[in-house]
Amino acid sequence: MTFEQWAFIADLYTPIIVIVCIICMLLAGRDHGLKNGLLQLGGVVLSTVFIYAVMFVDNTIGIWPAFDLDYSTHTAIALVFIGYFMVYTPKLSVLMILSMVGYAALMMHQKYHTLADIITTTICVMPIILLCQYKLSVIAKR
């Protein structure tokens, strides 16, 4: 496949997981009440605000460039939705994690990011993403 064809596939990844996530939230809202669906949406929004805050801080003070790395916004935004699936739809978790591994391999193949960029971004953002998602899931169960 050509570079452009691979780029097209890479560009589809995040929109596809966003659509699947929205469908899951709508189903949760239908099956468990509007409050539950809204709290799930809140976890995604809070996580998204966090990853873009990290990007802003990195752009301002250059944390990743100081180590000759690049904060991977591609990775971070995808992880917001992977975190959602890990917390709310455990049956899809393994599939979604494997899709993220494939997406990471594609980003490296396309030279969008290095493995070090992807791993350091993941280590930095994933604990907070999971915390946001998990805490709001606990509130939803009350």
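**View 1. Contacts of Tyr 84 in the predicted model.** Leaving aside residues up to four places away in sequence, Tyr 84 touches Cys 21, Cys 24, Met 25, Gln 40, Val 44, Thr 89 and Gln 133; contact means heavy atoms within 4.5 Å. This is a predicted model, in which local features need pLDDT of at least 70 and side-chain atom pairs count only at pLDDT 80 or more, while totals for chains, interfaces and linings use all residues. Residues are numbered from 1 along each chain as its sequence is written, and side-chain values use heavy atoms, with hydrogens and water left out.

**View 2. Gln 133 in helix H6.** Gln 133 has a relative accessible area of 0% and is therefore buried (under 20% relative accessible area, 1.4 Å probe, protein chains only). Its contacts, not counting residues up to four places away in sequence, include Gln 40, Val 44, Tyr 84 and Tyr 88.

**View 3. Packing of helix H1 (residues 3-32) with helix H4 (residues 73-88).** The two axes come within 10 Å and cross at roughly 30°, which means that H1 is roughly parallel to H4 (angles under 35 degrees). Among the contact residues are Tyr 13, Ile 17 and Cys 24 of H1, and Ile 77, Phe 81 and Tyr 84 of H4. By class, this contact has 13 nonpolar residues, one polar and no charged.

**View 4. The largest nonpolar core, with 34 residues.** Such a core is a set of buried Ala, Val, Leu, Ile, Met, Phe, Trp, Tyr and Cys residues joined through side-chain atoms within 4.5 Å. Ile 51, Phe 81, Tyr 84 and Phe 85 have the most contacts inside this core. H4 supplies its largest share, 10 residues.

Conventions:
Axes fitted to C-alpha atoms, helices over the stretch in contact; angles between N-to-C directions. Helix = DSSP H or I, 4+ residues; strand = E, 2+ residues; numbered from the N terminus. Parallel < 35°, antiparallel > 145°, perpendicular 65-115°, else oblique. Nonpolar A, V, L, I, M, F, W, Y, C, P; charged D, E, K, R; others polar. Buried < 20%, exposed > 50% of the residue type's maximum accessible area, 1.4 Å probe, protein only.
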